[in-house]
Amino acid sequence: MPKKVTAVLSVALLATATLTACGDDGGGGAQQGAANKITVWTEENLEDRMAVQKQIAAEFTRKTGIQVELVGVAEDQFSQTITAAAAAGDLPDVIGALPLASVRELEANDLLDTETPGKVVDQLGRDSFSPRALELDTADGKLLGVPSDGWAQLILYRKDLFEKAGLQPPDTYEALQAAAQKLNTGGTAGITLAIAPKDSFTAQSFEHVALADGCQLVDNSGNVVLNSPQCVKAFEFYANLAKNYSVKGKQDVDTTRATYFSGKAAMMIWSSFILDELAGLRKDAMPSCPECREDPEWLAKNTGVVTALKGPDASAPAQYGEIVSWVVTRDAAKDPAAKFVAYLMNEGYPRWLGMAPEGKFPTRTTFADQWDKLPAGVDTKKPLSEIYPADLLTALRKSPDTFARWGIPQGQGKLVGATMGELPVPKALSSLVDGSATAQAAAAQAKTDVESIKRGIRQ
């Protein structure tokens, strides 16, 4: 049965909500704001990232006198936690690192201040932001949050193999198909592609390919349209790559990376968070190809990156990506909340991006040069500009300008979040790849399942 997503604020959920607070409690809102103190929730809740954010908050306090209680919230517990806080009248003032679907969920539940983000952006300079990032955070002419950074889904390919075979970069359906077919020889797969039905990574990888040819989750009226001709073609294209040119079996986020890192695949689809690992900067995910033993950066040096992909029926390339944002809640102490967000997006911004520059592309274009020089990696630190060519870094920085997402522009963020829990599209895709369904049947089944999920959402 589809999981029901409800906007009803349940007091009962308060008992199950869990917070990792850096202060006494997770409460916030106008009462604390009146005392010149704000509560800030952040989904960047890893220990090392919390330490950086505490430092930024402490400096903000020294400068403004505004106290900040920083609370880490796990992404997978966010819906329950915010629901419980709203029921208790204890919303935080500010929430950071929120994915697009979560921003829309808060909007649907009328929990957002939709005036302050626009004022912050105007104060910082609207023309210093990525226009597309602002657009994805906008509904009915109102900015719902301040977009802070983004990560991108990418096609990574072996430049050395492409050059030897005389192939063009795989930036179109046609080029991708041709390369996968030609390079699928001699123990090397043409591509390693996620197909595991219970992995959200499969959904993200497919959406990246589907958006490239205009396949959408819903139309402008909110009707599910996964059985459209564009979507049927996308199902067919992706399944053909998986069946004929990828590694056999239910490949997932870990196995696709392992195959590419071992040198046994010519291409893969992965997020930009792989860029530090690809360069051998993480001991727990080192490239293992034969050439990598002498030079841990060999694979990074011999990997090309395609950001946006274009299908045969699309008018322009498109790319799956995630924008995370700062939001101010409905009952927040608005002035100190606005000052905090503005500080994070200006004085504190380089350190915010520096927590993981490979997955935090700046939405403020004026910070491009600083982003290039930020050290990436875990066990070894090195600026991305010392590993990757300048034209690639430029393409990555600009990639938020081509980000597209199912359902977000149509105001269906709650549905998007629910489908990422149920994963109807990967399930349909898996049935197509194993031969138990046709492309038409898989697309129709995905549409039926998403419609069922939608009926379970209480608007």
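**View A. Arg330 and Asp331, a pair of sequence neighbours in a salt bridge.** Let's start with Arg330, which forms a salt bridge with Asp331, the closest N and O atoms being 3.4 Å apart. A salt bridge here is a side-chain nitrogen of Lys or Arg within 4 Å of a carboxyl oxygen of Asp or Glu. Arg330 is partly exposed at 32% relative accessible area, and Asp331 is partly exposed too, at 39%. For these labels, buried means under 20% relative accessible area, exposed over 50%, and partly exposed in between (1.4 Å probe, protein chains only).

A word on the model: it is predicted, so local features need pLDDT of at least 70 and side-chain atom pairs count only at pLDDT 80 or more, while totals for chains, interfaces and linings use all residues. Residues are numbered from 1 along each chain as its sequence is written, and side-chain values use heavy atoms, with hydrogens and water left out.

View B. The salt bridge count comes to 21. Arg49 is buried at 16%, and Glu44 is buried at 12%. Both belong to a network of salt bridges that also links Asp149 and Lys360. Helices (H or I, at least four residues) and strands (E, at least two) are DSSP runs, numbered from the N terminus. Lys63 is exposed at 54%, whereas Glu347 is partly exposed at 36%.

**View C. Thr329, a buried loop residue.** Where does Thr329 lie? Look in the loop between strand 10 (319-328) and helix 14. Thr329 has a relative accessible area of 1%, so it counts as buried. Beyond residues up to four places away in sequence, Thr329 touches Leu91, Pro92, Asp93, Ile95, Leu111, Leu112 and Asp113; contact means heavy atoms within 4.5 Å.

View D. Among the buried ones are Leu100, Val103, Arg104 and Glu105. The cover over them includes helix 3 (78-87), strand 4 (94-98), helix 6 (131-136) and helix 18 (413-422).

**View E. Positive phi at Ala97 and Asp110.** Most residues other than glycine have a negative phi. Ala97, in strand 4, has a positive phi of about 65° and is buried at 6%. Just after helix 4, Asp110 has a positive phi of about 55°. Asp110 lies in the loop between helix 4 and helix 5 (116-124) and is exposed at 52%.

**View F. Trp326 in the largest nonpolar core.** A nonpolar core is a set of buried Ala, Val, Leu, Ile, Met, Phe, Trp, Tyr and Cys residues joined through side-chain atoms within 4.5 Å. Of the 130 residues in the largest one, Leu156, Leu226, Phe235, Trp326, Phe340 and Tyr388 touch the most other members. Helix 10 (residues 229-245) gives this core its largest share, ten residues. Leaving aside neighbours within four places in sequence, the contacts of Trp326 include Val40, Val94, Gly145, Phe340, Leu344 and Trp352. Apart from this core lies another, of 17 residues, among them Ala86, Leu91, Leu112 and Ala139.
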